[in-house]
Amino acid sequence: MKRSKRIETLDRRPVNKDGYINEWPEMGFVAMSSPYDPKPSIKVEQGVIVELDGKRREDFDFIDEFIADYAIRIDRTEKSMAVSSLDIARKIVDINVSRKEILEIVSGITPAKMVEVINYLNVVEMMMGMQKIRARRTPANQAHITNLKDDPVQIAADAAEGALRGFREEETTVGIARYAPFNAIALLIGSQAGRKGVLTQCAVEEATELELGIRGFTTYAETMSVYGTEKVFIDGDDTPYSKAFLNAAYASRGLKTRFTSGSGSEVLMGQAEKKSMLYLETRCLYVTKGAGSQGIQNGSVSCIGVTASVPSGIREVLGENLVAALLGLECASSNDQSFTNSDMRRTARTMLQFLPGTDFIFSGYAGEPNYDNLFAGSNFDAEDFDDYNVLQRDMQVDGGLKPVKEEDVIRVRYTAGKAVQAVFRYLGLSEITDEQVEAVTYAHGSKDTISRDVATDLVAVEDMMKRGITGVDIVKALAESGFEELAESILSMLKQRVVGDYMQTSAILDEEFKVMSGVNCPNDYMGPGTGYRVDGKRWEEIKAIPHIIDPNKF
Amino acid sequence: MKINEEIIERVTRLVIEEINAKGGVQGLSAGEQTTGNGRTVKTSYAGFPIAKQGTNPKEVVIGVGPAFQREINKTINGLSLEDVIKNVKAGVEEEGMVPRVVKVLKTSDVCFMGLEAAKLSGSGIGIGLQSKGTAVIHQKDLYPLSNLELFPQAPLMNLETYRAIGKNAAKYVKGEKVTPIEGQNDPMVRANYQVKAALMHIKETEQVDLSIPYIEWK
């Protein structure tokens, strides 16, 4: 066939490099509704759910049983199930029906019913729902802070800059698993050097992550993964009960935690049991609620390449975020993983959470260039900071970030680098040279930094862990090295663990370390003239982008 | 990129052909389990000798996935699995250690595969290697989802990296101070490869056989 130049041009567009696949329910490649999804039903006998979504109790798998016993309000369920799914969907977008009223109804419905409700909503209605249902009044944002070299100095500097830019949570992970403790302490120190009150975590293997938390190297945890089919749970040597136990372990030490789930994971692991991605993810969210977690990171997350490959996949992603909010969970709404070669497509995907606002719009905006992002690339990265700030300004939307001045960026990056250098020196860890701090201060990414001796770092990490170093030792090291204010900030973060208020739903801290959560700052949106509006000081902040034309210069 | 699309199409077509050969999806009732449903013809390893616990302290066991060199013969970016395994083994040998390949049938998860290999290994060091090319260096006393070195982005792997994995695994056996292989990262890997990864992993998972945990492999 003689080729059309038009079609040839279109074929070369980035969007055509992405992977797409037709719906294939037998293998779980279906977004919102599979012919094999169960129909909603409930039967209660003597205060026990004996039938759930067409399955009798004796046929329950452990996920069904966990949901029936812990995630559905048995006293409300018969009344809630009597309300039609269409009516519930309409209430979600009706500005005259309060968040509280909807949450009460939803607390009694089953996963299959929830899926039915969400299927009635188009994306605009879902955004309307999210604007009203998210837990905290003000949206916020979370950053990924990583680099290809696992360089702790760069982590500290990027964390400081990220905090300065407005991120209220920062998450790191590792290329080399054994680096985790260094990454965690560098993130802890760097974040507070940028702006006080930022929460930090290190996403690694669960037992290691718990230990880092207990030692006070992190101030929250996020990577407790749950799955929608029993087989995937079992393959990971887990059950909903073991996750609930892990959650309790964190709670016993006063650490904020949230679970992680997301559509597509069961497909990717070949265990979707022919169900739709939304149905399986809804089961995850019920498990999360039943396990007593205050929140979830979801929205397909690392499996977005699968969900985005099927029709209505990106709609499904917002749908699952909304289910989380409807269950009263804090929702850190993904946007944290690259999934497309198309700038247009990636921006459109993020608008679904950016415009209504979620508790954390990104559960990892790459605070470094994407080549350094060890979550295999985020949907937005450090090179998009100005685009993002302009989007906030264009639409008068609070995306959780703000424009910054170059001199401030350099200052906080330098302070963070020097502070980590001092702590390493005080604790007798591997050396950080002045040249390294200097390089990192002015760097964009790890291509601009001086490589460290990895093998020596790993020996030092092992030694530090053996010596039983904790967060308190870091406070002491900072205080005795001339970083009193930073020491005070990290001590204040550790104190949160004793106070415990930041374990409430959707908590972040302000710069005075005061908690803002869904409890003391609840979302009160009920249509125009209500809820959170971008105005006052915050609007001035958003407006102040660089590169503004000065009329006096003409 | 064109080649990648062709791989998707080819894999999809093969899987669909197999479904049709089995009487099509309409033939399956709604309640039927999907796991191990025989969508691909499942290879039986009944009668194969179960892999032995190693005693040689110089040994590095390489645990390959259930579909390795049988249902799947090339990694996600087209490297022949024969070449891949040859390079891993060569890397181990270059450091004076002894490689042994086992096929892990009880799981298709790379970390659990690597841990099984490490436990079977006389030295306690093992390598997990999925058929799509994802690899891990594991040690028998680590948590399953922890590792010594992980290579999560299979599309970025080449034969030199596989050789280096063999070498580093051998160096861990010798108790040397090992510099981990420098990480690689392509932020577009998910957009370009995740659907393919899912299809290949489905194929691998279909070959999981809980009745025979692992067998000796070549």
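Trainee: Which residue is the bridge partner of A:Phe259 in E9(A)?
Mentor: The partner is A:Ile296. Keep in mind that this is a predicted model.

Trainee: And over how many bridges do strands E8 and E9 of chain A pair?
Mentor: Over 2 bridges, in the parallel sense. Strand E8 of chain A covers residues 256–260, and strand E9 of chain A covers residues 295–297.

Trainee: What is the strand order in the sheet they belong to?
Mentor: E7-E8-E9-E10 in chain A, so to speak from one side to the other: 4 strands in an open sheet, with parallel pairing.

Trainee: Which are the edge strands?
Mentor: Strand E7 (220–225) and strand E10 (330–332) of chain A, each of which pairs on one side only.

Trainee: By how many degrees are neighbouring strands turned against each other?
Mentor: On average by 30 degrees, with direction ignored.

Trainee: Which helix packs on that sheet?
Mentor: Helix H12 of chain A, residues 240–252, packs on it and touches E7 and E8 of chain A. The direction of H12 makes about 175 degrees with that of E7(A).

Trainee: Why would residues three or four places apart in an α-helix point the same way?
Mentor: Because an α-helix has 3.6 residues a turn.

Trainee: What does A:Asp61 reach at the start of H2(A)?
Mentor: A side-chain oxygen of A:Asp61 comes to within 3.0 Å of the backbone nitrogen of A:Ile63.

Trainee: Zooming out, what does the domain assignment give for chain A?
Mentor: Domain 1 is 42–120, and domain 2 is 142–149 + 221–395. The C-alpha centres of these two domains of chain A lie 23 Å apart. Their contact takes 24 residues from domain 1 and 28 residues from domain 2.

Trainee: Over to chain B. How many helices and strands?
Mentor: Chain B has 5 helices and 6 strands. Along the sequence the pattern reads α-β-α-β-α-β-β-β-α-α-β.

Trainee: What share of chain B counts as buried?
Mentor: 57% of its 218 residues. Chain B exposes about 9300 Å², with carbon and sulfur atoms supplying 53% of that.

Trainee: And what share of the contacts in chain B comes from residues 24 or more positions apart?
Mentor: 72%, taken over contacts with a separation of 6 or more.

Key. Residues are numbered from 1 along each chain as its sequence is written. Chains are lettered from A and ligands numbered from 1 in the order in which they are written. This is a predicted model: local features need pLDDT of at least 70, side-chain atom pairs count only at pLDDT 80 or more; totals for chains, interfaces and linings use all residues. Side-chain values use heavy atoms; hydrogens and water are left out. Axes are lines fitted to C-alpha atoms, for helices over the stretch in contact, and angles run from 0 to 180 degrees between N-to-C directions. Contact means heavy atoms within 4.5 Å. A polar contact is a pair of N or O atoms within 3.5 Å; within protein, one must be able to donate a hydrogen and the other to accept it, and residues adjacent in sequence count only if both atoms are side-chain atoms. Buried means under 20% relative accessible area, exposed over 50%, partly exposed in between (1.4 Å probe, protein chains only). Accessible areas come from the Shrake-Rupley method with a 1.4 Å probe; for residues, only the protein chains shown count as cover. Domain bounds come from an automatic or database domain assignment.
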